[in-house]
Amino acid sequence: MKKRIEILINPFIRIAGMQALAWGILGLVISTLLSWASGYHYHGLLHFGPAPNPAWWCYLAEHLIVWLVPATLFYLGGLIFSHSKIRIIDVFGTILFAQLPMLVMNLINFLPPMQVLSQIDPTMSPAEILSMPYFHLAIVLSLIGFPFLVFSIIWMVQALKVSCNLKKSHLWIVAAIGILGGDVLCRILIRLFY
């Protein structure tokens with residue numbers, strides 16, 4: 001049982017390189033299709049919601065940016081701080097695989113109550129928003145999706161740790177830059193599509 005929990009928290013004990021990349025690409029394709037069907041966009045690595053561009057290429061571009069920006073930052077951080085030889089396929093493959101838990105969030109966003117949140121107009125009063133049908137259920141569903149985002153972040157840190165052989169302060173510095181800085185860079189780049 002302990003071994004299963006360890007693999008659940010850090011799947012990169014067993015999966016890396018081309019295998020992680022292949023599973024990650026499959027997840028990226030499914031996630032892009034679910035996002036396109038639901039109308040929910042990746043605004044950044046840690047931000048999701050409706051956006052004004054419904055073109056299929058926009059969803060694909062968002063997903064590629066959300067993968068490539070943090071993976072590149074992790075790779076560069078690994079080159080700077082790691083004393084090990086780093087394979088780019090391991091970094092990019094494991095980071096894409098680490099984003100698989102976000103598929104659950106895409107599935108949740110596909111549900112009809114979540115479409116209520118996408119119809120909120122910024123000019124609406126709080127009373128109007130609260131009276132929308134299924135609004136409260138949509139909020140609960142959003143909260144259910146949040147742990148999967150956290151799980152994805154945990155996997156990204158584990159992917160960085162294994163693929164770049166980073167430990168202690170170097171691991172946390174590169175993880176913070178890759179995740180938080182990556183989110184900011186993703187948001188800047190993705191905003192160009194709207």
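Biologist: At which residues does UniProt place the feature "domain: Yip1"?

Modeller: This is a predicted model, in which local features need pLDDT of at least 70 and side-chain atom pairs count only at pLDDT 80 or more, whereas totals for chains, interfaces and linings use all residues. Residues are numbered from 1 along each chain as its sequence is written, and side-chain values use heavy atoms, without hydrogens or water. UniProt positions follow the numbering used here, feature names are shortened, and annotations may be inferred rather than shown by experiment. The unreviewed UniProt entry places "domain: Yip1" at residues 13–180.

Biologist: What percentage of residues 13–180 is helix?

Modeller: Helices (H or I, at least four residues) and strands (E, at least two) are DSSP runs, numbered from the N terminus. Over residues 13–180 the end C-alpha atoms are 25 Å apart and strand accounts for 4%. The helix share of residues 13–180 is 73%.

Biologist: How far apart are the end C-alpha atoms of residues 134–157?

Modeller: The unreviewed UniProt entry annotates residues 134–157 as "transmembrane region", and residues 88–108 are also among the stretches with this annotation. Residues 88–108 are 86% helix and 0% strand, with end C-alpha atoms 32 Å apart. Residues 134–157 are 96% helix and 0% strand, and their end C-alpha atoms lie apart by 35 Å.

Biologist: What is the volume of the largest cavity?

Modeller: On a 1 Å grid over the protein atoms alone, a cavity is a set of points where a 1.4 Å probe fits but cannot get out. Grid points are joined across faces, edges and corners, and a volume is the space filled by probe spheres set on the points. The structure holds one cavity of 30 Å³ or more. The volume of the largest cavity is about 100 Å³.

Biologist: Which helices each supply at least two residues of the lining of the largest cavity?

Modeller: Lining residues have an atom within 4 Å of a point, and for the largest cavity they include Leu28, Tyr42, His63 and Asn106. This lining has seven nonpolar residues (Ala, Val, Leu, Ile, Met, Phe, Trp, Tyr, Cys or Pro), five polar (the others, Gly among them) and no charged ones (Asp, Glu, Lys or Arg). At least two of its residues come from each of α2 (17–38), α3 (56–81) and α5 (102–110).

Biologist: Which helix gives the most to the lining of the largest pocket?

Modeller: A pocket is an open set with protein on both sides within 12 Å along at least five of seven lines, and the largest one has a volume of about 170 Å³. Two or more lining residues come from each of α5, α6 (112–118) and α8. By class, this lining has eight nonpolar, three polar and no charged residues. With four residues, the helix that gives the most is α8.

Biologist: Is the crossing of α5 and α8 left-handed or right-handed?

Modeller: Axes are lines fitted to C-alpha atoms, for helices over the stretch in contact, and angles run from 0 to 180 degrees between N-to-C directions. α5 and α8 (residues 135–164) pack at about 160° with axes 8 Å apart, which makes them roughly antiparallel (over 145 degrees; under 35 is roughly parallel, 65 to 115 roughly perpendicular and the rest oblique). A crossing is left-handed if the near helix is turned anticlockwise from the far one by less than a right angle, and right-handed if clockwise. The crossing of α5 and α8 is left-handed.

Biologist: What is the handedness of the crossing of α3 and α4?

Modeller: The axes of α3 and α4 (residues 88–98) come within 9 Å and cross at roughly 135°. These two helices are therefore oblique to each other. Their crossing is right-handed.
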